[in-house]
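Here's a quick briefing to read alongside the model. Have the viewer open and click along as you go.

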Amino acid sequence: MPEVRKPLISGNWKMNHNHLEAIQVVQKLSYRLKAGDTAAADVSVHPAFTALRSVQTVIDADELPILLGAQNCHWETSGAFTGEVSPTMLAKLGVRYVIVGHSERRQLMGEDDATVNRKARAVLAAAMTPIVCVGETLEEREADRTDEVVTRQLTGSLDGLKADQVGALVVAYEPVWAIGTGRNATPEDAQAVCATLRGLVAGRWGEQAGATVRIQYGGSVNPGNAADILAQRDIDGALVGGASLDPDQFAAVVASVPGRR
Ligand code: PGA
(Lines give C-alpha, C1' and ligand atoms only; values in the text may rest on other atoms or scores of the structure.)
Protein backbone atom coordinates (compact mmCIF):
# COMPACT_ATOMS: atom_id res chain seq x y z
CA MET A 1 0.00 0.00 0.00
CA PRO A 2 2.39 2.70 -1.20
CA GLU A 3 -0.41 5.32 -1.17
CA VAL A 4 -0.09 5.73 2.59
CA ARG A 5 3.46 7.03 2.33
CA LYS A 6 3.49 10.80 1.96
CA PRO A 7 6.77 11.81 0.32
CA LEU A 8 9.21 13.79 2.43
CA ILE A 9 11.61 16.23 0.79
CA SER A 10 14.30 17.33 3.23
CA GLY A 11 16.88 20.07 2.81
CA ASN A 12 20.12 19.26 4.60
CA TRP A 13 21.90 22.61 4.77
CA LYS A 14 24.99 21.11 6.43
CA MET A 15 27.39 23.80 7.73
CA ASN A 16 25.91 26.55 5.58
CA HIS A 17 23.72 29.63 6.16
CA ASN A 18 24.10 31.67 9.35
CA HIS A 19 20.86 32.50 11.15
CA LEU A 20 20.21 35.66 9.14
CA GLU A 21 20.74 33.90 5.82
CA ALA A 22 18.62 31.00 7.06
CA ILE A 23 15.68 33.33 7.75
CA GLN A 24 15.88 34.70 4.22
CA VAL A 25 16.13 31.28 2.64
CA VAL A 26 13.15 29.85 4.49
CA GLN A 27 11.04 32.93 3.69
CA LYS A 28 11.95 32.75 0.01
CA LEU A 29 11.27 29.02 0.01
CA SER A 30 7.80 29.63 1.42
CA TYR A 31 7.03 32.07 -1.43
CA ARG A 32 8.16 29.54 -4.01
CA LEU A 33 6.24 26.54 -2.64
CA LYS A 34 2.76 26.10 -4.08
CA ALA A 35 -0.16 24.83 -2.01
CA GLY A 36 -0.29 21.71 -4.21
CA ASP A 37 3.37 21.02 -3.46
CA THR A 38 2.96 20.89 0.27
CA ALA A 39 -0.27 18.93 -0.04
CA ALA A 40 1.60 16.26 -1.99
CA ALA A 41 4.77 16.19 0.10
CA ASP A 42 6.08 17.05 3.53
CA VAL A 43 8.95 19.53 3.31
CA SER A 44 11.60 19.85 6.01
CA VAL A 45 14.62 22.11 6.32
CA HIS A 46 17.61 21.21 8.47
CA PRO A 47 19.58 24.34 9.39
CA ALA A 48 22.70 24.43 11.55
CA PHE A 49 21.99 24.46 15.32
CA THR A 50 22.70 28.21 15.47
CA ALA A 51 19.85 28.94 13.05
CA LEU A 52 17.19 26.58 14.43
CA ARG A 53 15.58 29.08 16.77
CA SER A 54 15.41 31.81 14.11
CA VAL A 55 13.93 29.49 11.51
CA GLN A 56 11.43 28.11 14.02
CA THR A 57 10.26 31.63 14.83
CA VAL A 58 9.66 32.42 11.15
CA ILE A 59 7.83 29.14 10.53
CA ASP A 60 5.62 29.67 13.58
CA ALA A 61 4.91 33.36 13.07
CA ASP A 62 3.99 32.99 9.42
CA GLU A 63 2.48 29.51 9.81
CA LEU A 64 4.64 28.24 6.97
CA PRO A 65 4.00 24.72 5.64
CA ILE A 66 7.62 23.78 6.34
CA LEU A 67 8.77 21.36 9.03
CA LEU A 68 11.84 22.02 11.12
CA GLY A 69 14.66 19.49 11.15
CA ALA A 70 18.08 19.10 12.72
CA GLN A 71 21.22 17.49 11.30
CA ASN A 72 22.41 15.60 14.36
CA CYS A 73 22.02 15.29 18.13
CA HIS A 74 23.50 13.55 21.15
CA TRP A 75 21.72 10.54 22.64
CA GLU A 76 21.61 11.72 26.25
CA THR A 77 19.00 14.13 27.57
CA SER A 78 21.49 16.28 29.48
CA GLY A 79 24.85 16.06 31.18
CA ALA A 80 28.56 16.67 30.85
CA PHE A 81 28.84 16.46 27.06
CA THR A 82 30.60 19.67 26.09
CA GLY A 83 29.51 20.98 22.73
CA GLU A 84 26.62 18.57 22.26
CA VAL A 85 22.89 19.22 21.83
CA SER A 86 20.26 16.87 23.24
CA PRO A 87 17.10 15.55 21.55
CA THR A 88 14.90 17.14 24.19
CA MET A 89 16.45 20.54 23.47
CA LEU A 90 15.60 20.06 19.80
CA ALA A 91 12.06 18.89 20.54
CA LYS A 92 11.51 22.00 22.64
CA LEU A 93 12.38 24.09 19.57
CA GLY A 94 9.70 22.42 17.52
CA VAL A 95 12.11 20.17 15.62
CA ARG A 96 10.25 17.28 13.98
CA TYR A 97 12.96 15.39 12.09
CA VAL A 98 16.54 14.67 13.09
CA ILE A 99 19.07 13.27 10.62
CA VAL A 100 21.15 10.54 12.26
CA GLY A 101 24.12 8.68 10.83
CA HIS A 102 24.75 10.95 7.86
CA SER A 103 27.78 9.60 5.98
CA GLU A 104 29.74 12.77 6.72
CA ARG A 105 29.34 12.06 10.43
CA ARG A 106 30.11 8.38 9.94
CA GLN A 107 33.26 9.24 7.97
CA LEU A 108 34.47 12.46 9.59
CA MET A 109 33.31 11.98 13.19
CA GLY A 110 33.70 8.21 13.42
CA GLU A 111 30.03 7.43 14.10
CA ASP A 112 29.25 3.73 13.83
CA ASP A 113 25.97 1.84 13.72
CA ALA A 114 25.85 1.52 17.51
CA THR A 115 26.13 5.30 17.87
CA VAL A 116 23.49 5.86 15.22
CA ASN A 117 21.24 3.36 17.00
CA ARG A 118 21.57 5.28 20.29
CA LYS A 119 20.73 8.51 18.53
CA ALA A 120 17.74 7.05 16.67
CA ARG A 121 16.33 5.71 19.95
CA ALA A 122 16.86 9.04 21.67
CA VAL A 123 15.15 10.94 18.87
CA LEU A 124 12.14 8.62 19.11
CA ALA A 125 12.09 8.94 22.90
CA ALA A 126 11.82 12.70 22.46
CA ALA A 127 8.80 12.20 20.16
CA MET A 128 10.62 13.26 16.99
CA THR A 129 11.28 11.27 13.81
CA PRO A 130 14.78 10.11 12.93
CA ILE A 131 16.00 10.19 9.34
CA VAL A 132 18.42 7.27 9.45
CA CYS A 133 21.10 7.46 6.75
CA VAL A 134 22.79 4.50 5.11
CA GLY A 135 24.91 4.18 1.98
CA GLU A 136 27.90 2.48 0.43
CA THR A 137 31.23 3.96 -0.66
CA LEU A 138 32.42 3.78 -4.25
CA GLU A 139 34.86 1.04 -3.31
CA GLU A 140 32.05 -1.00 -1.76
CA ARG A 141 29.80 -0.52 -4.77
CA GLU A 142 32.52 -1.55 -7.18
CA ALA A 143 33.17 -4.65 -5.07
CA ASP A 144 29.45 -5.47 -5.40
CA ARG A 145 28.95 -5.10 -1.67
CA THR A 146 26.19 -2.45 -1.69
CA ASP A 147 23.39 -4.68 -0.40
CA GLU A 148 25.58 -6.21 2.27
CA VAL A 149 26.76 -2.78 3.50
CA VAL A 150 23.36 -1.07 3.62
CA THR A 151 21.80 -4.16 5.20
CA ARG A 152 24.41 -4.15 7.96
CA GLN A 153 24.03 -0.39 8.49
CA LEU A 154 20.24 -0.46 8.64
CA THR A 155 20.04 -3.53 10.85
CA GLY A 156 22.59 -2.06 13.27
CA SER A 157 21.09 1.42 13.25
CA LEU A 158 17.56 0.18 13.97
CA ASP A 159 18.50 -2.58 16.38
CA GLY A 160 15.99 -3.10 19.16
CA LEU A 161 13.33 -0.77 17.76
CA LYS A 162 9.71 -1.93 17.67
CA ALA A 163 7.77 -2.51 14.47
CA ASP A 164 5.57 0.57 14.92
CA GLN A 165 8.65 2.74 15.50
CA VAL A 166 10.41 1.46 12.40
CA GLY A 167 7.24 1.80 10.34
CA ALA A 168 6.98 5.48 11.26
CA LEU A 169 10.57 6.56 10.73
CA VAL A 170 12.48 7.66 7.66
CA VAL A 171 15.43 5.90 6.06
CA ALA A 172 17.69 7.85 3.71
CA TYR A 173 19.64 5.83 1.17
CA GLU A 174 22.60 7.98 0.26
CA PRO A 175 25.42 6.38 -1.73
CA VAL A 176 28.54 8.11 -0.44
CA TRP A 177 29.98 8.47 -3.94
CA ALA A 178 26.91 10.46 -5.00
CA ILE A 179 26.98 13.03 -2.20
CA GLY A 180 28.13 16.47 -3.27
CA THR A 181 29.74 15.03 -6.39
CA GLY A 182 27.13 15.87 -9.00
CA ARG A 183 27.06 12.16 -9.72
CA ASN A 184 23.70 10.67 -8.78
CA ALA A 185 22.69 7.02 -8.79
CA THR A 186 20.52 6.12 -11.75
CA PRO A 187 16.84 6.03 -10.77
CA GLU A 188 16.88 2.27 -11.38
CA ASP A 189 19.94 1.68 -9.17
CA ALA A 190 18.49 3.87 -6.42
CA GLN A 191 15.15 2.05 -6.69
CA ALA A 192 16.86 -1.34 -6.45
CA VAL A 193 18.63 -0.47 -3.19
CA CYS A 194 15.54 1.19 -1.72
CA ALA A 195 13.54 -1.96 -2.55
CA THR A 196 16.18 -4.03 -0.76
CA LEU A 197 15.90 -1.78 2.30
CA ARG A 198 12.11 -1.99 2.30
CA GLY A 199 12.31 -5.77 1.98
CA LEU A 200 14.72 -5.86 4.90
CA VAL A 201 12.33 -3.83 7.07
CA ALA A 202 9.39 -6.04 6.04
CA GLY A 203 11.35 -9.21 6.78
CA ARG A 204 12.59 -8.09 10.17
CA TRP A 205 9.86 -5.82 11.50
CA GLY A 206 6.84 -7.10 9.55
CA GLU A 207 4.91 -6.33 6.36
CA GLN A 208 3.14 -3.35 7.88
CA ALA A 209 6.40 -1.64 8.86
CA GLY A 210 7.79 -2.36 5.39
CA ALA A 211 4.72 -0.82 3.77
CA THR A 212 4.79 2.40 5.80
CA VAL A 213 8.50 3.18 6.37
CA ARG A 214 9.47 6.14 4.19
CA ILE A 215 12.67 5.75 2.21
CA GLN A 216 14.40 8.80 0.77
CA TYR A 217 17.13 8.85 -1.82
CA GLY A 218 19.96 11.35 -1.36
CA GLY A 219 23.04 12.22 -3.36
CA SER A 220 23.21 15.07 -5.88
CA VAL A 221 19.44 15.39 -6.21
CA ASN A 222 18.61 18.52 -8.22
CA PRO A 223 15.70 19.90 -10.26
CA GLY A 224 17.02 18.09 -13.34
CA ASN A 225 17.01 14.56 -11.93
CA ALA A 226 14.44 14.71 -9.12
CA ALA A 227 11.35 13.75 -11.13
CA ASP A 228 12.84 10.48 -12.40
CA ILE A 229 14.14 9.53 -8.97
CA LEU A 230 10.91 10.43 -7.16
CA ALA A 231 8.85 8.45 -9.67
CA GLN A 232 10.38 5.20 -8.41
CA ARG A 233 8.09 2.84 -6.55
CA ASP A 234 10.11 2.47 -3.36
CA ILE A 235 11.46 6.03 -3.17
CA ASP A 236 9.34 8.25 -0.94
CA GLY A 237 11.26 11.46 -1.08
CA ALA A 238 14.71 12.98 -1.19
CA LEU A 239 17.39 14.20 1.17
CA VAL A 240 18.84 17.17 -0.66
CA GLY A 241 22.13 18.85 0.18
CA GLY A 242 23.59 21.39 -2.26
CA ALA A 243 20.36 22.08 -4.15
CA SER A 244 18.49 22.81 -0.90
CA LEU A 245 20.65 25.85 -0.16
CA ASP A 246 18.94 27.74 -2.95
CA PRO A 247 15.18 28.27 -2.46
CA ASP A 248 14.45 28.23 -6.20
CA GLN A 249 16.20 24.93 -6.73
CA PHE A 250 14.79 23.33 -3.60
CA ALA A 251 11.24 24.40 -4.49
CA ALA A 252 11.77 22.94 -7.97
CA VAL A 253 12.79 19.61 -6.40
CA VAL A 254 9.64 19.68 -4.24
CA ALA A 255 7.58 20.45 -7.35
CA SER A 256 8.97 17.26 -8.95
CA VAL A 257 7.04 15.02 -6.56
CA PRO A 258 4.63 12.96 -8.66
CA GLY A 259 0.92 13.37 -8.14
CA ARG A 260 0.84 16.94 -6.85
CA ARG A 261 -2.21 19.00 -7.72
P1 PGA B 1 24.02 16.54 -1.97
O2 PGA B 1 24.00 16.09 -0.43
O3 PGA B 1 22.61 16.71 -2.41
O4 PGA B 1 24.79 17.85 -1.96
O5 PGA B 1 24.73 15.48 -2.72
C6 PGA B 1 23.07 15.15 0.03
C7 PGA B 1 23.31 14.85 1.49
O8 PGA B 1 24.46 14.78 1.90
O9 PGA B 1 22.34 14.68 2.26
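**A serine in a loop, and the rest of the chain**

Ser 220 sits in the loop that links strand E7 (214-218) to helix H12 (226-230); helices (H or I, at least four residues) and strands (E, at least two) are DSSP runs, numbered from the N terminus. Keep in mind that this is a predicted model, where local features need pLDDT of at least 70, side-chain atom pairs count only at pLDDT 80 or more, and totals for chains, interfaces and linings use all residues. Residues are numbered from 1 along each chain as its sequence is written, and side-chain values use heavy atoms, with hydrogens and water left out.

- Most residues other than glycine have a negative phi.
- Ser 220 isn't a glycine, yet its phi is positive at about 60°.
- Ser 220 counts as buried because its relative accessible area is 17%, and buried means under 20%, exposed over 50%, partly exposed in between (1.4 Å probe, protein chains only).
- Lys 14 is another non-glycine with a positive phi, about 50° here.
- You'll find Lys 14 in the loop between strand E1 (8-12) and helix H1 (19-32), and with 21% relative accessibility it is partly exposed.

**The largest pocket**

- The largest pocket comes to about 450 Å³.
- For the search, a 1 Å grid is laid over the protein atoms alone, and a pocket is an open set of points where a 1.4 Å probe fits, with protein on both sides within 12 Å along at least five of seven lines; lining residues have an atom within 4 Å of a point.
- Its lining has 17 residues, and Lys 14, Met 15, Gln 71, Arg 105 and Met 109 are the closest to the centre.
- Helix H5 (residues 103-108) contributes the most to that lining, with three residues.
- By type, the lining splits into eight nonpolar, five polar and four charged residues; Ala, Val, Leu, Ile, Met, Phe, Trp, Tyr, Cys and Pro count as nonpolar, Asp, Glu, Lys and Arg as charged, and the others, Gly among them, as polar.

- Trp 205 is in helix H10 (residues 187-205) and is buried, with a relative accessible area of 12%.
- Leaving out residues up to four places away in sequence, Trp 205 touches Leu 158, Leu 161, Lys 162, Ala 163, Val 166 and Leu 200, where contact means heavy atoms within 4.5 Å.
- Trp 205 and Asp 164 are 41 residues apart along the chain, with 8.4 Å between their C-alpha atoms.
- Leu 52 belongs to helix H3 (residues 49-61) and is buried, at 0% relative accessibility.
- Beyond residues up to four places away in sequence, Ser 256 touches Pro 223, Ala 226, Ala 227 and Leu 230.

**The chain as a whole**

- The protein chain has 13 helices and eight strands.
- Of its 261 residues, 56% are buried.
- Among contacts with a separation of 6 or more, 74% join residues 24 or more positions apart.
- The C-alpha trace spans about 45 × 45 × 35 Å along its principal axes.

Notes
Grid points are joined across faces, edges and corners, and a volume is the space filled by probe spheres set on the points.
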